Amino acid sequence: MNLRRAPLIGAILLCLPVFAACVRVTNPDGWAAPVIDGQDVYVSTSKGHISAVTLQDGDAATARWTFPDKDRDPDKKIEPEAIYGDPVIDGDRVYLATFSAGVFALNKADGRPVWPTNGTNTSQIKGNLAGGVALANGILYFGTTEGRLYAWNASDGSPAWPEPKRFDRGIWATPVVAGDTLFVATMGGEVHALSLADGSPAWIDPFVATGAIADLFALDDGRLFVPSINRHAYVLNAEDGTILADYRARDWVWTEPAVTDSHVFFGDFGGHVYGLDITATPASPLWDPVSLEGERVKAGAAIIGDVLIVADRKPVVTFINATTGQILNRVPIEDAGTVRSNVHVADGFAYILTTKGRLFRANPQNYSVAEIALTGVKK
Amino acid sequence: MIGEIFTLLLMNPMVNLLVLLNNVLFDSFGLAIIAFTILIRLVTFPLTLRQLHVTRSMQGIQPRIQEINKKYSDPKRRQEEVMKLYRESGVNPLGCLGPMLLQFPILIALYNAVRIALPNSPEALEKLSSHLYDWSYLQHAVPVQEHFLTMDLREPNLLFVVLVGVTTWAQSKTTVTVTTDERVRSQQQMMNIMLPLMFAFFALQFPSGVSLYWVVNSIVGVTFNILTYGFPALRIEPIFKVRAPRAPAAEIQPTTAALTSDRELRTTHGSGRSKRQNRRRRP
């Protein structure tokens, strides 16, 4: 090689990592909400890792286990990247859908996989999992970004259907079970109802919205809440898919609502919070939308008593009077990333998980927010 | 501040145009990328043409520059003579920089727009919301269909890795080399190999939607080069005639005039000519 060319080759080689960094795309972070089970909290901390932490007196919690565990050889090959759906706790197991490493059944006591026992089960799944799993009658249901709906036996992870059901567009929302029906939303803007018994269609036609549906929730056995990025929030009759309420928000709605008997509360991507009375059609607003200074709301709100708790992208935790829409307090959270996980309610408190894996507890009594220090979490 | 202006004035319009084209072109994001790249390159063609013209003019006076380099050993005097030659020939050595600098942010925005409009994760779709205009026709289209000709545009694709390498190489080969200096020429020849390899390496990590943009961009670049310089190997004459640099009043040499004719202007390795042949022609 001509030595005069060496500096040029060196410069090009040095540029490679710089260019490679420039082309990085937005990586999956995940937004699974913290799930509380007695004194244990299951939190998704980073890169699709889940930790079981035990709440102690005061504002502290210690990790019992983390999965995948970087200190265990079998786990080193598992790269989940992110967890979007909330983990499902059932008996002595934790069921978990990861973005790119498949579905796991973990032993609640030690966090070790019950299945799959050898690595991952991604070879059985086409696409990534941008939602979670729904558990009904011993069967786990989950959808993928490639538009496949799977049903697996929760006991051993074996397929419950001979073939997954195929849809035209990806499934990002966690499937919902209400009564004896399974509901599935697609990014093509459709909601399908399937009989749990045999997977046959339960509605004559699917519900069709003009925008993608990335989330889906059951308000009760008879009603579904369908947020869409066409800026609408629909309430559907679970019986036949007809629209009970259709409310046009000011921006994308992609969040779980906080629900009372007759009201729903949710935020939008333009930083507005809405309170709707859904007992009538069309749904009527309880108050003018509350402005959160333009900060996007992805995290589902929580309602405790008459206090609505909303965490936005900044992140700021806002306490709102659910009856009047008056802002009671706004508490910024410093240096904690952002909040996309739904706010979880337990024991009269709201739990907020940030993208940096920090856990906070909001108190609706005095409108304050305090951090729960997590120790022993492996990242 | 600059980043916000860049996003507001360049990137957001491009993202929205991409999504609009996706809607118009049968919900095919692959077709949208192809149409979008060609459209932007056509809009910026006057800039490209100007840059190509300046490069070509520079090529024309290279033999004279080489003569000056041989004639004057004092660097200061040499520089003065070269500048004088530029003046007399009506060539601005920095003339190709202006159009290039203007195109650079456009290309970056184009590249980013493709990445943003093709979300590879839920977070990326969330991010897209802040770039889309408040127009239901656009809002209803996202997320766009990720597949094009059975390929997932969000994932790297080996076919596109090869295509990126080949088209980048083809673009280098059809680009005029300005210098006649042997050392610089050999470096440029090496770059003609290294650049395609480097971009093929990047394409291993790119979503193939971005690679598709790059391939179309390179094909359009090759087309422009051929339209401007012709392609002697296939006996294709240039369509856009370029004015030859003005001959210096007193020192014009017949050989120099001959060298500035269309026939003698050649691409990097001289289409249809060997490196050895090129060397022989030099004075």
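Where is the place of Thr98(A) in chain A? It sits in strand 6, which covers residues 93-98. I'll come back to that residue. First, the overall picture.

This is a predicted model. Chain A has a mean pLDDT of 91. In that chain, 93% of residues reach 70 or more. There is one stretch to treat separately. Over residues 14-24 of chain A, pLDDT stays under 50. The model has 12 contacts beyond four places in sequence for that stretch.

Now the make-up of chain A. The count is 1 helix and 33 strands. The chain has 379 residues, and 57% of them are buried. Take the contacts between residues at least 6 apart in sequence: 42% of these join residues at least 24 apart. The chain exposes about 15,300 Å². Carbon and sulfur atoms supply 48% of that area.

Back to Thr98(A). Is Thr98(A) buried or exposed? Its relative accessible area is 1%, under the 20% cut-off, so Thr98(A) counts as buried. What surrounds it? Leave aside the neighbours within four places in sequence. Thr98(A) is then in contact with Pro80(A), Ala82(A), Ile83(A), Phe104(A) and Leu129(A). One of its polar atoms lies 3.0 Å from the backbone nitrogen of Ala101(A). The side chain also reaches the backbone oxygen of Gly102(A), at 2.8 Å.

Next, salt bridges. Over all chains, the structure holds 23. Here is one within chain A. Lys378(A) pairs with Asp69(A), and the closest N and O atoms are 3.1 Å apart. This pair links distant parts of the chain, 309 residues apart. Lys378(A) is in the segment after strand 33. Asp69(A) is in the loop between strand 4 and strand 5. Lys378(A) is partly exposed, at 28% relative accessible area. Asp69(A) is buried, at 9%.

Chain B has a local example. Glu81(B) and Arg77(B) meet in a salt bridge, at 3.0 Å from N to O. Both sit in helix 5 of chain B, residues 75-89. They are 4 residues apart, which means a separation of about one helical turn. Glu81(B) is buried, with a relative accessible area of 10%. Arg77(B) is partly exposed, at 37%.

Now the interface. Chain A contributes 37 residues to the contact, and chain B contributes 35. Together the two chains bury about 3,400 Å². Of that area, 60% is on carbon and sulfur atoms. The polar side is there too. The rule finds 11 residue pairs in polar contact across the interface, with both residues at pLDDT 80 or more.

How many salt bridges are there between chain A and chain B? The count is 4. One of them joins Arg154(B) and Glu146(A), at 3.1 Å from N to O. Arg154(B) lies in the loop between strand 2 and helix 9 of chain B, and Glu146(A) in the loop between strand 10 and strand 11 of chain A, so this pair joins two chains. Both residues are buried.

Another involves Glu126(B). Its partner is Arg296(A), with the closest N and O atoms 3.4 Å apart. That pair belongs to a network of salt bridges. The network links Asp29(A), Arg296(A), Arg340(A) and Glu126(B).

Key. Residues are numbered from 1 along each chain as its sequence is written. Chains are lettered from A and ligands numbered from 1 in the order in which they are written. Side-chain values use heavy atoms; hydrogens and water are left out. pLDDT is the predictor's confidence in each residue, from 0 to 100. Contact means heavy atoms within 4.5 Å. Buried means under 20% relative accessible area, exposed over 50%, partly exposed in between (1.4 Å probe, protein chains only). Accessible areas come from the Shrake-Rupley method with a 1.4 Å probe; for residues, only the protein chains shown count as cover. Buried area is the accessible area (1.4 Å probe) that two parts lose on being put together, summed over both. A salt bridge is a side-chain nitrogen of Lys or Arg within 4 Å of a carboxyl oxygen of Asp or Glu. A polar contact is a pair of N or O atoms within 3.5 Å; within protein, one must be able to donate a hydrogen and the other to accept it, and residues adjacent in sequence count only if both atoms are side-chain atoms.
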